[in-house]
Amino acid sequence: MAKVAYVTDVARYSRRQATASDYTPFLVSDTTGVLVTGGAGFVGATLVRRLVASGYRVRVLDNLSTGDAAHLSGVDADLVTGDIRGGRALDDAVAGCDAIVHLAAAGSVVGSVADPAANFDANAAGTFRVLDAARRHAVPRVVLASTGGALIGDATPPVDERSLPKPLSPYGASKLAAEGYAHAFAMTYGVRTVAVRFGNVYGPWCARKRGVLNVFFGALRAGEPIVIYGDGSASRDYVHVCDIAAALQLALESPAIPGGTVLHAASGVETTITALADLCRLAAGRPRHPVEYRPARPGEVGRNFASYDLARRLLGYSPTVRIEDGIPLLWQWFESEVFRG
Ligand SMILES: NC(=O)c1ccc[n+]([C@@H]2O[C@H](COP(=O)([O-])OP(=O)(O)OC[C@H]3O[C@@H](n4cnc5c(N)ncnc54)[C@H](O)[C@@H]3O)[C@@H](O)[C@H]2O)c1
């Protein structure tokens, strides 16, 4: 099946533009128009390629604050440079669309601590504006990017949709507010919203992010020790961006899923930070590269991974890229796209 070919072929895909032959379009006609907010970012780069290759007309609205037009170079999508908080740009972008995937956000936990008002503005107020534009333009379906770890906080894993949200950061709180508005707009106005809570996403086009993999890869490349804060037992749920893009497309296309639904799209696998460092060292061909342990930093979540049972039942979502395969593929991508200069 084309979908499987896509994921198993992730290495080849990462190094070149997707072509229509990567996918078999399904469930959509080639005239279905999707607006992807934040589509020039890390997740957007993979999602937009996937949607275009599936036969959608894709329009991207992005203010390029953390994204880059180069992420979409050669992709047959309209890129509108504009802000989700600005009335005219948003309205123009939403007009005529059949669905919205809302990715645009200020995604940094640290940034949200430094400037909670700006984070609120982008994520809570920004999502409200996107939903309100969907309501006014009668866009029937909105899929929103949400987060597992930051929104739920310190809970005994695996977390799922019944876990009580207790955000530890303004970023987590802003995503919870966004989910609240998505639910309210589904109940009040009939906009069919689906919030997809991602695990820790990794994969190509992540080079502008400040994630742990970028830091570890940078240390390996520079010949400096990999620094781990704490004893290395802290864990996360690392999910490949191809699996996240698949989950978002499934959420877009599943006709039976009720508005206001919240789902976790994760790997379901707990990976400690020490295990992640080992995978990075192996991928770089330097299994003995030094690792330095430093005192834990305050406020970091300890263990975290999520169950994706509901997404499997409602969407047929199932992750396909094992981290043992995904990390070496990402190292190869860094070597060909980031380290070559
Ligand atoms: N990457 C992860 O591990 C992860 C985990 C959980 C949730 N998420 C969520 O997934 C979504 C995509 O994240 P990403 O990792 O691709 O981040 P990213 O920063 O690479 O992408 C976000 C995009 O939104 C754009 N943007 C930001 N503010 C905007 C605004 N006001 N108007 C228009 N465009 C704006 C940025 O320029 C960027 O292109 C975000 O909502 C993020 O919170 C990501």
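Helix 6 and helix 8 are roughly parallel to each other, because angles under 35 degrees count as roughly parallel. The exercises below start from this pair. The model is predicted: local features need pLDDT of at least 70, side-chain atom pairs count only at pLDDT 80 or more, and totals for chains, interfaces and linings use all residues. Residues are numbered from 1 along each chain as its sequence is written.

**Exercise 1. Describe how helix 6 packs with helix 8.**

Step 1. Recall what is needed. Two packed helices are described by the angle between their axes and the distance between the axes.

Step 2. Locate the helices. Helices (H or I, at least four residues) and strands (E, at least two) are DSSP runs, numbered from the N terminus. Helix 6 covers residues 116–136, and helix 8 covers residues 170–189.

Step 3. Read the geometry. The angle is about 15°, and the axes are 9 Å apart. Axes are lines fitted to C-alpha atoms, for helices over the stretch in contact, and angles run from 0 to 180 degrees between N-to-C directions.

Step 4. The crossing is right-handed.

Step 5. List some contact residues. Two residues are in contact if their C-beta atoms, placed from the backbone, lie within 7 Å. Helix 6 contributes, among them, Phe120, Ala124 and Phe128. Helix 8 contributes residues including Tyr171, Ala178 and Phe185.

Step 6. Sort by class. The contact of helix 6 with helix 8 has 13 nonpolar, four polar and two charged residues. Ala, Val, Leu, Ile, Met, Phe, Trp, Tyr, Cys and Pro count as nonpolar, Asp, Glu, Lys and Arg as charged, and the others, Gly among them, as polar.

**Exercise 2. Classify the packing of helix 3 with helix 10.**

Step 1. Take the angle. Helix 3 (residues 42–53) packs against helix 10 at about 55°, with the axes 9 Å apart.

Step 2. Name the arrangement. That angle makes helix 3 oblique to helix 10. Over 145 degrees counts as roughly antiparallel, 65 to 115 as roughly perpendicular, and what is left after these and the parallel class as oblique.

Step 3. Find the residues. Val43, Thr46, Leu47, Arg50 and Leu51 of helix 3 meet Val241, Cys242, Ile244, Ala245, Leu248 and Gln249 of helix 10. They divide into eight nonpolar, two polar and one charged.

**Exercise 3. Repeat the analysis for helix 11 and helix 13.**

Step 1. The axes of helix 11 (residues 273–283) and helix 13 (residues 323–337) come within 9 Å and cross at roughly 50°. Helix 11 is therefore oblique to helix 13.

Step 2. The crossing is right-handed.

Step 3. Leu279, Cys280 and Ala283 of helix 11 touch Ile323, Glu324, Ile327, Pro328 and Trp331 of helix 13. Seven of these residues are nonpolar, none is polar and one is charged.

**Exercise 4. Which residues touch the most other members of the largest nonpolar core?**

Step 1. Define the set. A nonpolar core is a set of buried Ala, Val, Leu, Ile, Met, Phe, Trp, Tyr and Cys residues joined through C-beta atoms within 7 Å.

Step 2. Name them. Val196, Ala247 and Ala265 touch the most other members, out of 107 residues. Helix 10 (residues 241–253) gives the most to this core, with 10 residues.

Step 3. Inspect one. Beyond four places in sequence, the contacts of Ala265 include Val196, Phe198, Ala247 and Tyr317.

**Exercise 5. Is Leu64 buried, partly exposed or exposed, and what about Trp205?**

Step 1. State the rule. A residue is buried if 20 or more other C-beta atoms lie within 10 Å of its own, exposed if 12 or fewer, and partly exposed in between; C-beta atoms are placed from the backbone.

Step 2. Apply the rule. Leu64 has 15 such atoms, so Leu64 is partly exposed. Trp205 has 23, so Trp205 is buried.

Step 3. Leu64 lies in the loop between strand 2 (57–62) and strand 3 (78–81). Trp205 lies in the loop between strand 7 (200–202) and helix 9 (212–222).

Step 4. Check the backbone. Phi is near 60° for Leu64, a positive value in a residue other than glycine. Phi of Trp205 is near 70°, also positive in a non-glycine residue.

Methods: Left-handed = near helix turned anticlockwise from the far one by under 90°.
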